[in-house]
Amino acid sequence: MAEAALKAPGAPEEAQDQTDGFNLMIDALKLNGLTTIYGVPGIPITDFGRMAQAAGIRVLSFRHEQNAGYAAAIAGFLTKKPGICLTVSAPGFLNGLTALAHATTNCFPMILISGSSEREIVDLQQGDYEEMDQLAIAKPLCKAAFRVLHAVDIGIGLARAIRAAVSGRPGGVYLDLPAKLFGQVMDAEAGKKSLVKVIDAAPAQIPAPSAIKRALDVLKSAKRPLIILGKGAAYAQADEAIKAFVEKSGVPFLPMSMAKGLLPDTHPQCAGAARSTVLKDSDVVMLIGARLNWLLSHGKGKAWGDAPKKFIQVDIEPKEMDSNVEIVAPVVGDIGSCVAALLDGMGGSWTKGPADWMGAVSSKREENVAKMAPRLMNNNNPMDYHGALGVLRTIIKERPDAILVNEGANTLDLTRGVIDMYKPRKRLDVGTWGVMGIGMGQCIAAAVETGKPVLAIEGDSAFGFSGMEVETICRYNLPVCIVVFNNDGIYRGTDVNKAGSDPAPTVFVKGSRYDRMMEAFGGVGVHATTPDELKRAVNAAMDSGKPTLINAAIDPAAGSESGRIGNLNPQSKLKKK
Ligand code: OXT
Ligand code: ADP
Ligand code: MG
């Protein structure tokens, strides 16, 4: 039992065999191996955080609930256990909700636990402290939502939340705990019996042998096959099987952003640097843990060329099939089981994908890599993206265990293309929504959950969404090195407002020094103006493990509007006045 449930000295006899909501929640979390909480204290959960910490749960206290939520979401992606975010009611809950929706959209398992107002007051709208019908508001934005009103139900409530978060397609779950629940007292023995240790929370989902045969037959028929690996494949932690399947097939593979490193980006079958070619020219496409959403142009249109294509899709979610285009060979199941069955079905003598096709892909890849190479070796001052990324690419190659966190527009898109990844789940970024603000939460969770050093490559705008957490990073002394690509603005720093004295909406203070923020909290701040200075500072940070922020001055004119997705911006057809 949690420490506080034991008899406090001098407590009345009956206290010895009683427990309460605080302790039952702590015991339920620990019973299910959930021993890290990311949150922000406040009424009615401050004491819960203190007691959880006293009971041996690691409680990371943030400066904003959205960052704690992004930490919990990525903790779920990294560990396959639901990340726990703990917030106060109403405004704290709402701050966490963005992260809960982001987790659900990205299929990351997390549980947002929020204190809430009492039902009898909320339902009569009598104006409770931070009154809000949180359960109703959460429901449309997450995979499941539950409220617990009685202490005896805490065990089953958390069990349901855990199972909902990790079973099938993982996602975000909301658990609503009204303030009075924490103080409810009950018999300790009965309380202990009410707890539930979840058995087989994410059961294997075995694909039908007929689905495996159909998929292999379609793959075998291909002249120009392509395998696309998505973040679902990274999440599945079936790394060896996936590598064996891709290599046995001999088919080029295209890793989506957070699937990079499942096989090294330098692998001879990697088509990351020949993306347009393989999307356009392939005739059979096998999606493994990747959706045909906007990131893949919905599987149709110019990016996919005119030639007819057949799609095979491996996914745990049956409803994902035919979401955008016809899937001729759906394989429904968990990726570990599916890939194992595919390997088994290939038997001993599988004819690898056609050599001429692999050859065409390789030459396109080498052409693109060669085109980019000289741009990476410049030592320009002011720095441009490629010069800065040229040194960071080498550092990641030398430090393949480091975790890379990345957000921005140009900063995101250019880093994705330039920095090769070598191991699974080492590149964490904005995900399906392209959301800014994931940075510091992901850095903190990556450091806490893996113990590995973290390198964050942040646009200056992106950093601004969660930058206050540099204090959190210093407070827990986490091995996080933040490189802010400071181009004085969003996309660029050169836009001008011709209509008045206010700056244009996309520019920031010129020459700002984010490094001084880190110094303010005892971390290491460095201002770098050349790739050489950047290289020295990052290596020093990665060697020391000290919280470090490097303000990398990037040429304000270097970026392009919205990076690689400028085409998504609506253009006014009216003549500019
Ligand atoms: O094959 P071709 O020839 O086509 O070439 C391709 C590859 O083959 C090749 N390639 C390579 N060549 C050589 N070597 C290597 N290694 C190599 N690798 C690849 O390169 C090209 C391109 O390859 P890529 O990138 O794989 O392919 P492509 O076509 O780009 O892929 C399409 C996509 C869609 C899959 C890809 O582009 C993608 O994943 N894009 C993600 C876009 C995204 O999510 N962006 C973030 C959101 S943008 C915007 O929303 C921003 N906001 C608004 C905002 C947001 N988001 N959130 C919130 C809460 N509030 C507001 C804001 C505010 S961004 C932003 C901040 C921006 O400012 P910052 O200061 O932070 O950043 P800066 O821009 O730096 O100033
Ligand atoms: P990406 O953005 O990298 O293309 P998406 O987020 O679009 O990836 O797709 C991830 C897909 O992976 C989702 O459709 C989800 O259902 C699926 N998925 C997640 N985990 C598993 C798993 N363990 N087994 C099978 N499919 C999974
Ligand atoms: Mg910028």
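Author: Let us begin with metal sites. Donors are N, O and S atoms within 2.8 Å of the metal (3.2 Å for Na, K and Ca), and water is not among the atoms, so sites may look incomplete. The model is predicted: local features need pLDDT of at least 70, side-chain atom pairs count only at pLDDT 80 or more, and totals for chains, interfaces and linings use all residues. Residues are numbered from 1 along each chain as its sequence is written, chains are lettered from A and ligands numbered from 1 in the order in which they are written, and side-chain values use heavy atoms, with hydrogens and water left out.

Reader: Which residues coordinate the magnesium ion (ligand 3)?

Author: The donors are Asp-460 (OD), Asn-487 (OD1) and Gly-489 (O), at 2.0 to 2.1 Å. Along the sequence these donor residues follow the spacing D-x26-N-x1-G.

Reader: Are Asn-487 and Gly-489 buried or exposed?

Author: Buried means under 20% relative accessible area, exposed over 50%, and partly exposed in between (1.4 Å probe, protein chains only). Both Asn-487 and Gly-489 are buried.

Reader: How is a nonpolar core to be read?

Author: In soluble globular proteins, nonpolar side chains tend to be buried together. A nonpolar core is a set of buried Ala, Val, Leu, Ile, Met, Phe, Trp, Tyr and Cys residues joined through side-chain atoms within 4.5 Å. Here the largest core has 93 residues, of which Tyr-38, Ile-242, Phe-245 and Ile-482 touch the most other members. Helix α3 (residues 65-79) gives the most to this core, with 9 residues; helices (H or I, at least four residues) and strands (E, at least two) are DSSP runs, numbered from the N terminus. A second, separate core of 41 residues includes Met-51, Ala-55, Leu-86 and Met-186.

Reader: How many disulfides does the structure hold?

Author: A disulfide is a covalent bond between the sulfur atoms of two cysteines. The criterion used is a pair of cysteine sulfur atoms within 2.5 Å, and the structure holds 0 disulfides. For Cys-338, the nearest cysteine sulfur, that of Cys-107, is 15 Å away. Cys-338 is buried, with a relative accessible area of 0%.
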